[in-house]
Amino acid sequence: MSRSSPVSTGLSLMPKGDQSALHIKVGQRLLAKGLLTPDTLAAAMDVQDRWGSHLGHVLLGKGMVRPIDYFRTLAEVLRLPFVNLQVHPVDPSLCFYGDRNDYASVGLIPWQRESGRVILATTAVTPRQHDWARMRFGRNGYAFVVTSPYDIFWQTQLLFRDEDSAQALDALYSRMPEHSAKVTMTVPQRNGLIALGILYLALCVVRPGDMFVGTMAVLTVFYLVTFLFKFLLTWVGANRNVDVQIADGDVRAIRDQDLPVYTVLVPMYREASVLPLLVNSLKGLDYPASKLDVKFILEEDDEETIAAAKELGMPASFEIVRVPHSEPKTKPKACNYALTFARGEFATIYDAEDMPEPDQLKKAVIAFRRSADSVACLQARLNYFNRQDNWLTRMFTLEYSQWFDFLLPGLDWLQVPIPLGGTSNHFRVSVLRQVGAWDPYNVTEDADLGVRFAQEGYTVGVINSTTYEEANGVLPSWIKQRSRWVKGYMQTWLVHMRHPYHLWQSIGPKGFLSFQLFVGGPPLVMLINPFFWLVTIIGLTTHSVRLGDFLPEPVAFIAAFNLIVGNLFLVYFGIIAALKRRYYDLVLQGILQPFYWVLHSVAAYKALWQLITMPHYWEKTEHGTSLQTKHALAQLGEVANGK
Amino acid sequence: MANNPALPAPRKATTAFIVIVPALAFFVFAAAQLPTLHHLVPSLQGFWSDRPGQMEVAPHAWISLFVVAVLHALPGMWNLQASLVMVSSLGAAFSLGLLFRAMQSDRWAVWESVLLLALVALQPLVVYLTVNANESIPFALAFGTLVYAANRLDVNGDVQSQMTFGLFLPLLALVRPEVAVFIPVLAFLVPLRDPGARRDIRAFAALFLVSILPTFLVLFSLYCLVSSLEASPVEFLRLYLEPVSSLVAAPGDMFEAQLYPMLYLTPLVGFMLGYVLFVGQGRRHMGGAFIALALPVMLCGANALFGWGVDFRMPAAVLVATGVSWIASTELQAKGRKGAIIALCLCAVLGWGAPLMHGADGLVAPVTQQHEVERPETDGLLRLAPQY
């Protein structure tokens, strides 16, 4: 596994001594021009050794100087012209899609042709740029002008938007169509389902009694197995040793200069209001700014958020990626598009309202370094910062605590596929690219990716770091979000069950069973729960229905066990989850979880309807609705206004 | 670890079946030979039941009732008494197997584990519990598992160990309603041992709740399952409250009777006290040791004071279970392991030797009134015990 170095800006390509001297010269000239204060320069010089980055990276990463000023000054030092590609764009006939990765990694792009020579706009002039140019244009066939990395990034986005967009949309489908949810059900799946349905209905007509008992028996056993599996996961997940434990001492011990470039992908859509909070959180990350590669992934028609992002005056390591319009307009498609521009050895995803613990990236790096190469992803834990908002946020918090603190670590311990959570999953970028990244047609692309990792022989771990998110406390919005999740699980199950035998072979019997219970099981349970609740309520209120009257005794006993013991213990697991997080205020609230399960079923029926009518539609979750978020935004506003 | 002679490397690879299979064979053989032994050794008369496989089930001893109901449901070709002996022998043998696994995890050498467990199997009380096939087996196991869980709580202190302890507590309510009274007392130990909970009343209450909640869940489930909600919940609750509602007039006789079998186990108690107070001072497992020693005493006292009618040999049986469970789940040093073996060896010698030396009237205490044998008139699990 090769380690990326911060080379793509072109600043670190010279021999170290020459380069240091060059950057110091640039720093001095910036000082002379009044674009830098002596204190700032001294501070940057102090940091550069510690971070293992050159002065240019430090100045730009910390936002101490504007990129255009820095590279304009660099051009002066190199005695070359500076060109602003936004004002004087490149000649498209000189650029080729096959070279697009070089443009980013070598830090240059063919600009114009003059007097028979190709003029290359570059961010540095080192042997590497010369070698690249000589191979393409001959010894005397080129010349350089200086530009900024941002200009090259902007220009390549513009030049290759259609190709990149098509890649983002259909790379996985063209590579492995059977792993893509572009087609919800294949023809054999649909025919098989129809045949089974007809057979089932026919048997119900011919032998209604037997079929009723048989159906009840199957569902009862399924419920029991699901409960036992959840019990096992919760118990295992409660062990303090099950997730990758990175101690605070380990984080302190790692040297900044040994850290690689880390890409942070932040897909957003119409979320201008929470942008300041997010930028604030990301600036608070305990990671060298010169080694951060933050991509705000915005849809090109989302002018409001783009304008808000520009207004924030972010450091050079924060870039805006504009995703060209295409359908379906989904988060995974946007991430795929941005991944093309990622420079890091590792990458992670944060949502707009996320507040990761500051040392999360360092913990991920340490965990990756300690893990085998087969570990493709590390999932950080998610939890909510606004659990006190209302009943819904409290239930949501309990659910998330159980999911990320118990169930996922339990799956990790069992070494079975882990459906990833939506954010704070940390990837090895090379592996992510190799497996075709996210499926843009799957609305829980994260869960699907976890299963695909397993199928390709990779594993997923869980690290002891938490990202705090905003719990959705508005019921209609919650239903939207949950219906998308359930629909995505249905999609994921359908996709990977196209070839059940292959799935069995690739992830093993344990993984196969876990996939059925963890990915296929929940939507099914949510759909059939209302039926059982109805029977129970009728039975209890009218005393007209007794399980033992129409079911064989073992089945009736298991059904009663599921109804009473199973449900009570599922409530207990939620309470345990609150305890682990030390959310003592939620311990008693946990008793109300069955009412929360009713909402799950409502969302599940909506999901089923959408799966049939609009499988790829992305139900957008509204962020920034919590009291805490509003309060924090107000505080930031006051700071910005100098109060 | 390899440099420390006191802590040999873990040997998890050795299968527990090297203990389970011989133990099972031994118990079945002992049961089969009991009538012969009974004739050969008259002093055994007062000590053992002479009816191997005779199930004496107290009312609402749910686990025992469940076992009997399942055995009843077997085809007629199965002999109930033989089945009961097999079930109890299997239970005892697998319990020894689990102890073996626990000892392997705690770095016991294979020979040490096998020797210690052989000594456990040879204890007269253990043989009695097993071949008599009565409710003592689940009774002793429930207490033994609690000590194991308490030790895990001491060592790990994580949510899993808190959860495990809480999940094991209802076992007491399932083996006999009378001993359910210990559950709230034990549930308090979880928050008490947590420094954070001692400082924060909310944390204390939450931890207590998490510990005791499984008991309520299990009891509620039990109420629903066995009565189909037809019995009054008050009647059901009374099962668990009545045992401590009145004192007997003269508890002394029963108290004395219970002490006799416990005398055989003096070396085990001495070893545990010695290890905790001197050798292992300052180490963990104090909580586990406290529970291991306190539970038999509490049982002994409550049985005498409230007239529960628990077999007079039961506190001693519980002491064997809790003591061995503590030994198996405590990371004893080399000296500690040898001390445990010697202590159990002495217990076996005393157990077998004393009655033989003193004849039938030696250490054998008067047999107290036993529960009547209950044969649930059941035609299915859902109607397991609608007596209340």
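A pocket is an open set of grid points with protein on both sides within 12 Å along at least five of seven lines, and its lining residues have an atom within 4 Å of a point. Keep that in mind for the end of this tour. The model shown here is predicted.

Start with chain A as a whole. Chain A has 643 residues, and buried residues make up 57% of them. Its secondary structure comprises 24 helices and eleven strands. Now look at contacts in chain A with a separation of 6 or more. Residues 24 or more positions apart account for 78% of these.

Next, find the sheet. Eight strands of chain A form an open sheet with mixed pairing. Read across, the order is β6-β5-β4-β7-β10-β9-β11-β8. The edge strands are β6 and β8, and each of them pairs on one side only.

A:Q379 stands opposite A:V462, and A:Y384 has A:E469 as its bridge partner. Then turn to β8, residues 355-356 of chain A. Here the pairing with β11 is antiparallel, with two bridges. A:M355 stands opposite A:Y468 in β11.

Move along the sheet to β7, residues 346-349 of chain A, where A:T348 sits. Is A:T348 buried or exposed? Its relative accessible area is 0%; buried means under 20%, so A:T348 counts as buried. What does A:T348 touch, leaving out residues up to four places away in sequence? Its contacts are A:Y262, A:T263, A:V264, A:L265, A:L361, A:S424, A:N425 and A:H426. With A:N425 there is a polar link as well. A polar atom of the A:T348 side chain lies 3.1 Å from the backbone oxygen of A:N425. Compare A:A364, which is 16 residues away along the chain. The C-alpha atoms of A:T348 and A:A364 are separated by 9.6 Å.

One of the residues touched by A:T348 is A:S424. A:S424 lies in the loop between α16 (391-414) and β10 (425-428) of chain A. Its phi is positive, about 60 degrees, although A:S424 is not a glycine. With a relative accessible area of 0%, A:S424 is buried.

Now compare A:R270. This residue also has a positive phi without being a glycine, with a value near 55 degrees. Its place is the loop between β4 (262-268) and α12 (275-283) of chain A. Is A:R270 buried or exposed? Its relative accessibility is 52%, and exposed means over 50%, so A:R270 counts as exposed.

A further loop holds another backbone feature. Between β6 (318-323) and α14 (331-339) of chain A lies A:P328. The peptide bond from A:E327 to A:P328 is cis, with omega near 0 degrees.

Now go to the second largest pocket. Its volume is about 1,500 Å³. How many residues line the second largest pocket? There are 42, and those nearest its centre are B:L98, B:L99, B:A102, B:Y148 and B:R152. Which elements supply at least two residues each to this lining? From chain A comes α10 (208-237). From chain B come α3 (80-105), α5 (124-132), α6 (136-155), α7 (159-168) and α16 (314-329). By class, the lining holds 25 nonpolar, twelve polar and five charged residues.

Finish in chain B with B:T330. This residue sits in the loop between α16 and α17 (334-358) of chain B. B:T330 counts as buried because its relative accessibility is 1%. Its side chain has two polar partners to look for. One is the side chain of B:N151, joined to that of B:T330 by a polar contact of 3.0 Å. The other is the backbone oxygen of B:W326, which lies 2.5 Å from a polar atom of the B:T330 side chain.

Terms used
Residues are numbered from 1 along each chain as its sequence is written. Chains are lettered from A and ligands numbered from 1 in the order in which they are written. This is a predicted model: local features need pLDDT of at least 70, side-chain atom pairs count only at pLDDT 80 or more; totals for chains, interfaces and linings use all residues. Side-chain values use heavy atoms; hydrogens and water are left out. On a 1 Å grid over the protein atoms alone, a cavity is a set of points where a 1.4 Å probe fits but cannot get out, and a pocket is an open set with protein on both sides within 12 Å along at least five of seven lines; lining residues have an atom within 4 Å of a point. Grid points are joined across faces, edges and corners, and a volume is the space filled by probe spheres set on the points. Helices (H or I, at least four residues) and strands (E, at least two) are DSSP runs, numbered from the N terminus. Ala, Val, Leu, Ile, Met, Phe, Trp, Tyr, Cys and Pro count as nonpolar, Asp, Glu, Lys and Arg as charged, and the others, Gly among them, as polar. Buried means under 20% relative accessible area, exposed over 50%, partly exposed in between (1.4 Å probe, protein chains only). A polar contact is a pair of N or O atoms within 3.5 Å; within protein, one must be able to donate a hydrogen and the other to accept it, and residues adjacent in sequence count only if both atoms are side-chain atoms. Two strands pair if DSSP finds at least two bridges between them. Contact means heavy atoms within 4.5 Å.
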